[in-house]
Each structure stands twice: as C-alpha cells, then as structure tokens.
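Dear colleague,

Please find below the sequence and structure that I am handing over to you. My findings follow, arranged by topic.

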Amino acid sequence: MIVTTSSRPDNQLIQTAKEAAIYLNSTFIMRNKQAIEGMKTSLNENILVFGKNRIELHVVENKAPLFFHPNSAMFRLKRLIRGESDTFLDACQLKSGDSFLDCTLGLASDSIIASYRIGEEGYIQGIEASKNIAYIVKTGLTSWNTDLTELNEAMKRIRVISTDHLTYLKTCDDKSFDIVYFDPMFEESIEESVGLSPLKSVAVYKELGNEAIEEAKRVAKKRVVLKDHWKSSRFGEHGFSVTIRKSAKFHYGVIEIRE
C-alpha cells in the first residue's frame, strides 16, 4: 500500500501521512497533483489518501474509496432516540454499564450503537484483523464530529485494537465481557452490498471456528451473539439459537451463558 495526501496538503498533513506510513509499514509518496486513479494504475497498489477531513483508501479493484463514515449508525441512533427498537440491540440485550467485545469491528456501525446503549459507565472494545481498516476506523471514531452529541460521544468511547479475534480472546480473563459479538460478513454480505465492496480487497478472511466460539463462551458473562447471512451454516454448527426474521437477509444467533 502507498500513503499520500490530498492534492494541496499543508506541512502538518504531510507529517501525519508520513507517520501513518511508518505505522502501517507502507511507503509515503508525495502526491504532486497526480490523479489517484493514475497512481493506482501506474503503481498497481492500494492508495491511502490523507485529506483535511477524512482518510480514504483507494483500492485497486474498486472505483469507490473506503472511508469511515457513521452514516448507518446515525440513522439507527436517531431512531433509538425516538424510542424505536434496533434488532441488533434486541439480540444483544445490552444494558447501561455493560461491557461489549466486538470481535469483527469492520466499520464499527454496530459498536457505535452498542456504545450508545451501554453509555459512559460501560466498556467497549473493537477487534479488527485488518491493520489498515483498524487505522481508518480508529482515526474516524476519534475525529469525526456531527451535530448529534450522543453519536459523537458514543464513537469516542470505542477502543480499537488490530489483531486476530482468536488471539485477543485467548488473552482475556474468564467472564471479562458481558457480551461477545461476531459479525463475519465477508461472503454473501459483501457480494450483495455495493457500499461494502471496497472492503473485499482489504478485509482479513478467516473462518469463524469452533475454538473461537469456545473462547467467546469462556470470556462472555451473559451471551455470545452472531450476526450472519440467513443461509449460513454457522448457526447450527456452533449451537446458536436463531431469531428468524422474515424477508431479512441476516439473522441473529445467541448462545446464553449459564452460571
């Protein structure tokens, strides 16, 4: 991956991009007014572009860039403020002050909603295997500001770590999170969603195995929750109780943790 800046950067932006390149083990190249599409073609590399307002990852195989934006989380949070329900929260049954571990953070939409529900007294940790995605999302969560105070506060409470979820789970103490959550939407979901297509080339693909589920059951106090495509065999393979949602492409499965 190549790191560069917007076409007219100031010195601070250049320095930030250079530091990111070192952190991400990438190469920094001055933009020099080159078109990003031209750079992708000539270098045959993904391009991470630092702008004044956001960071964009331009993937070779896609025209649309990948960037952090709390768009869907904003819509969902506004509905919650109006007193409406959210299927994800219904599945997780999160309460104020709970601890929540998102093992497949992605662009953090569900974690933002979880953070809003558990509030300032809660604790939320996001795990993202792709170092590039984790960097973009972590930066976005801490720097993006909207006119919705509840959203801004929820984003800033999310802690992001880039590692494999199984590796992280093994470091956790028994019953250290109320809810452990998986959303391994890297097969049917990406194929069906144009908005998620840039993720396809940079996501870390790893099957959700029995060892990870067993570790999640050890780490969770209350429940392990899986969001997956309605066709997925993972619900049955790992013993999840599934809530069937008619006409929905995704279902939620739950493993209740018994004392």
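Directly after α3, G83 adopts a positive phi of about 95°. Please bear in mind throughout that this is a predicted model.

Helix α3 covers residues 71-81, and R76 is part of it. The residues of α3 that are buried are A73, M74, R76, L77 and L80. These buried residues pack against three other helices, namely α4 (87-92), α5 and α7 (149-156). R76 deserves a separate word. Its relative accessible area is 13%, and because buried means under 20%, R76 counts as buried. Beyond residues up to four places away in sequence, R76 touches D86, F88, S109, D110 and I113.

**Helix α5**

Helix α5 spans residues 109-118. How many of the residues of α5 are buried? The helix is mostly covered, with 8 of its 10 residues buried. The buried residues are S109, D110, S111, I112, I113, A114, S115 and I118. Among them, S109, D110 and I113 are also contacts of R76. Just after α5 comes G119, which has a positive phi of about 70°.

The loop between β6 (99-102) and α5 contains T104. Is T104 buried or exposed? It has a relative accessible area of 15%; this is under the 20% limit, so T104 is buried. A polar atom of the T104 side chain lies 2.6 Å from the backbone nitrogen of D183. If neighbours within four places in sequence are set aside, the residues in contact with T104 are I127, H165, Y181, F182, D183 and P184.

**The nonpolar cores**

The largest nonpolar core consists of 51 residues, and those with the most contacts inside it are L48, F50, F88, F100, I112 and L141. Helix α6 makes the greatest contribution to this core, giving 6 residues. There is also a second, separate core of 22 residues, which includes L101, L169, C172 and L226.

Two elements, α1 (11-23) and α6 (131-143), each give two or more residues to the lining. Which element gives the most to the lining of this pocket? It is α6, with 4 residues. By type, the lining divides into 7 nonpolar, 7 polar and 2 charged residues.

Most residues other than glycine have a negative phi. Two residues of this model depart from that pattern, and each deserves a look. N32, in the loop between β2 (27-28) and α2 (36-43), has a phi near 50°, a positive value in a residue other than glycine. K33 is found in the loop between β2 and α2 as well, and its phi is positive, at about 65°, although it is not a glycine.

Are these residues buried or exposed? N32 has a relative accessible area of 59%; exposed means over 50%, so N32 is exposed. K33 stands at 68% relative accessibility and therefore counts as exposed.

**D174 and its partners**

D174 lies in the loop between α8 (165-171) and β9 (177-182). At 52% relative accessibility, over the 50% limit, D174 counts as exposed. Not counting residues up to four places away in sequence, D174 touches R218 and V219. With R218 there is a polar contact between the two side chains, at 2.7 Å. D174 and K221 are 47 residues apart in sequence, while their C-alpha atoms are 8.2 Å apart in space.

With kind regards

Key. Residues numbered from 1 in each chain as written. Predicted model: local features only at pLDDT ≥ 70, side-chain atom pairs only at ≥ 80, totals over all residues. Heavy atoms only, no water. Nonpolar A, V, L, I, M, F, W, Y, C, P; charged D, E, K, R; others polar. Buried < 20%, exposed > 50% of the residue type's maximum accessible area, 1.4 Å probe, protein only. Polar contact = N/O pair within 3.5 Å; in protein donor to acceptor, adjacent residues only side chain to side chain. Contact = heavy atoms within 4.5 Å. Core = buried A, V, L, I, M, F, W, Y, C linked by side-chain atoms within 4.5 Å.
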